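Me: I have a structure open and want to learn how to read it. Can we take one feature at a time?

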Amino acid sequence: EDEASVTNVAVSPMERGKGLGHALMAALMTVAFHRGVQSICLEVRADSNAPAAALYRKFGFTDAGRRKRYYKSPDEDALIMTRAAISSHEQQGWRNRLQERTQVVFQGYD
């Protein structure tokens, strides 16, 4: 497929700040681009989920638009973010960092 759409990435509130979100995104993106995906699109709560938007920006996602009142309870706009394909060199760097990080991040989750 040309484009992948991320519908949900979530980390339990008690587990946040441990690098799990970073590890999940790195794995997701590495697999997607390895399979030939040319771009990834996702939505994130525009006002109340700044930490997630910041994480996505670290992975090269850019703002592509807004969906008015996309989320309910409470009503909130969605920020649409996209990321183009990455080079094989960048993919290898992600794989290396992911491998190093998961050894630390997932200790104790046996």
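Me: Let us start with one residue. Is Asn49 buried, exposed or in between, and why?

Reply: The class follows from relative accessible area: buried is under 20%, exposed is over 50%, and partly exposed lies in between. Asn49 has a relative accessible area of 29%, so Asn49 is partly exposed. Keep in mind that this is a predicted model.

Me: What elements does the protein have, and in what order do they run?

Reply: There are three helices and four strands. From the N terminus on, the order is β-α-β-α-β-β-α. Of the 110 residues, 35% are buried. Among contacts between residues at least 6 apart in sequence, 63% join residues at least 24 apart.

Me: How should I read the confidence, and where is it lowest and highest?

Reply: Where pLDDT is low, the predicted coordinates should not be read in detail. Here the mean pLDDT is 84, and 83% of the residues reach 70 or more. Helix H3, residues 88-105, has the lowest confidence, at a mean of 68. E3 has the highest, at 96.

Me: Now the largest pocket. How much space lies in the pocket, and which residues lie nearest its centre?

Reply: Start with volume, then turn to the lining. The largest pocket holds about 690 Å³ of space. Its lining has 27 residues, and Val9, Ala10, Asn49, Ala52 and Tyr56 lie nearest the centre. So our opening residue returns: Asn49, partly exposed at 29%, is one of those nearest the centre of the largest pocket.

Me: Which elements give two or more residues to the lining of the largest pocket?

Reply: They are helix H1 (20-34), strand E2 (39-45), helix H2 (50-58) and strand E3 (62-71). H2 gives the most, with six residues. By class, the lining has 14 nonpolar, eight polar and five charged residues.

Me: Which side chains make polar contacts with the side chain of Asp77?

Reply: Check the partners one at a time. The side chain of Asp77 makes a polar contact of 3.4 Å with the side chain of Arg66. Another polar contact, also listed at 3.4 Å, joins the side chains of Asp77 and Lys68. Leaving aside neighbours within four places in sequence, the residues in contact with Asp77 include Val44, Arg45, Ala46 and Tyr70.

Me: What about Glu76: buried or exposed?

Reply: The relative accessible area of Glu76 is 7%, so Glu76 is buried. Glu76 is found in strand E4. Its side chain makes a polar contact of 3.1 Å with the side chain of Arg45. Beyond four places in sequence, Glu76 is in contact with residues including Asp47, Ser48 and Arg69.

Me: And Asp47: buried or exposed, and which residues does Asp47 touch?

Reply: Asp47 has 60% relative accessibility, so Asp47 counts as exposed. Asp47 lies in the loop between E2 and H2. Not counting residues up to four places away in sequence, Asp47 touches Arg66 and Glu76.

Me: Last, the backbone. Which peptide bond is cis?

Reply: Read omega for the bond. The peptide bond from Ser73 to Pro74 is cis, with omega near 0°. Pro74 is in the loop between E3 and E4, and the place of Ser73 is in the loop between E3 and E4 too.

Me: What is phi at Ser73 and at Arg69?

Reply: Ser73 is not a glycine, yet its phi is positive, about 55°. Arg69 has a positive phi near 50°, again in a residue other than glycine. Arg69 is in strand E3. Ser73 is exposed, with a relative accessible area of 70%, and Arg69 is exposed, with 54%.

Conventions: Residues numbered from 1 in each chain as written. Predicted model: local features only at pLDDT ≥ 70, side-chain atom pairs only at ≥ 80, totals over all residues. Heavy atoms only, no water. 1 Å grid on protein atoms, 1.4 Å probe; cavity = no way out; pocket = protein on both sides within 12 Å on 5 of 7 lines; lining within 4 Å. Points joined across faces, edges and corners; volume = space filled by probe spheres on them. Nonpolar A, V, L, I, M, F, W, Y, C, P; charged D, E, K, R; others polar. pLDDT = per-residue confidence, 0-100. Polar contact = N/O pair within 3.5 Å; in protein donor to acceptor, adjacent residues only side chain to side chain. Contact = heavy atoms within 4.5 Å. Buried < 20%, exposed > 50% of the residue type's maximum accessible area, 1.4 Å probe, protein only.
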